[in-house]
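The report below takes up a contact between separate parts of a chain, then a helix and its packing, and finally a pocket.

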Amino acid sequence: MLNILLAKKYAAAMFELAQEENKLAQSDKQLAQIGRLFDECVGLKAFMDNPQVAIQAKKELMKKILSDDFDQSVVNFMLLLVDKHRITLLTEIITSFHALSNEAQGIQLAYVRTAVALTNDQKAGLVKKLENVTEKRIQLRERIDPSLIGGIVIKIGDRLIDGSVVGQIKSIKKQLMANC
């Protein structure tokens, strides 16, 4: 719990800095890129999380990795995380930053599960309908789940819309059981 609160504080600090510099979207993109790098390169994460490795060695590696492609404020933020021994919270910090960034930019994530892949026209239509309902820009996160048999399940924030065949079967079963 303490780690989550700490991660949110660091994310809020980076968020404020990115807003001040008018680089919110850019910082969000770069932090996400760093997060993917840490996820994909297990050795990097293990090296950065190892308390026996000198802080200076970690900072040098971070500088080499982030070199010219990253904004200086993002590089400095990552070096601060190394200095303060908070690099182990990177995933939580990035998640919190992303949530703050999306809120500020009026973006809402919609997690969509379907039995088969949606066509581009279906995606565009779905996004348009969801934007009308939420009055925010929608970013789809799609996942194919053949166990749904057919239909769609959408999760937006704390709302769940279950239009799947499996969901309808469960609903019918529940109604039948209530009437028996």
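Leaving aside its neighbours within four places in sequence, with which residues is Ser73 in contact? Contact here means heavy atoms within 4.5 Å, and on that basis Ser73 touches Met14, Leu17 and Glu21. This is a predicted model, in which local features need pLDDT of at least 70 and side-chain atom pairs count only at pLDDT 80 or more, whereas totals for chains, interfaces and linings use all residues. Residues are numbered from 1 along each chain as its sequence is written, and side-chain values use heavy atoms, with hydrogens and water left out.

Ser73 belongs to helix α5 (residues 72–83), helices being DSSP runs of H or I with at least four residues and strands runs of E with at least two, numbered from the N terminus. Glu21, in turn, sits in the loop between α1 (2–20) and α2, and, with the same exclusion of neighbours within four places in sequence, Glu21 is in contact with Asp71 and Ser73. Although Glu21 and Ser73 are 52 residues apart along the chain, their C-alpha atoms are separated by 9.1 Å. The table gives their relative accessible areas, where buried means under 20%, exposed over 50% and partly exposed in between, with a 1.4 Å probe and protein chains only.

| Residue | Relative accessible area | Class |
|---|---|---|
| Ser73 | 7% | buried |
| Glu21 | 33% | partly exposed |

Helix α7 (residues 120–134) has 15 residues, which at 1.5 Å a residue should span 21 Å, in agreement with the 21 Å between its end C-alpha atoms; the expected span is 1.5 Å times one less than the number of residues. The buried residues of α7 are Leu126, Val127, Leu130 and Thr134. Seen down the axis of α7, these buried residues fall within an arc of 100 degrees, so they line one face of the helix, the arc being that of the directions from the helix axis to the C-beta atoms. They pack against β1 (107–114), β2 (137–144), β3 (152–156) and β4 (159–162), while Asp121, Lys128, Lys129 and Asn132 are exposed on the other side of α7. After α7 comes Glu135, whose phi is positive, near 60 degrees.

The largest pocket is lined by 19 residues, of which Thr95, His98, Ala99, Leu109 and Tyr111 lie nearest its centre. A pocket is an open set of points on a 1 Å grid over the protein atoms alone where a 1.4 Å probe fits, with protein on both sides within 12 Å along at least five of seven lines, and lining residues have an atom within 4 Å of a point. The largest share of this lining, seven residues, comes from α6.
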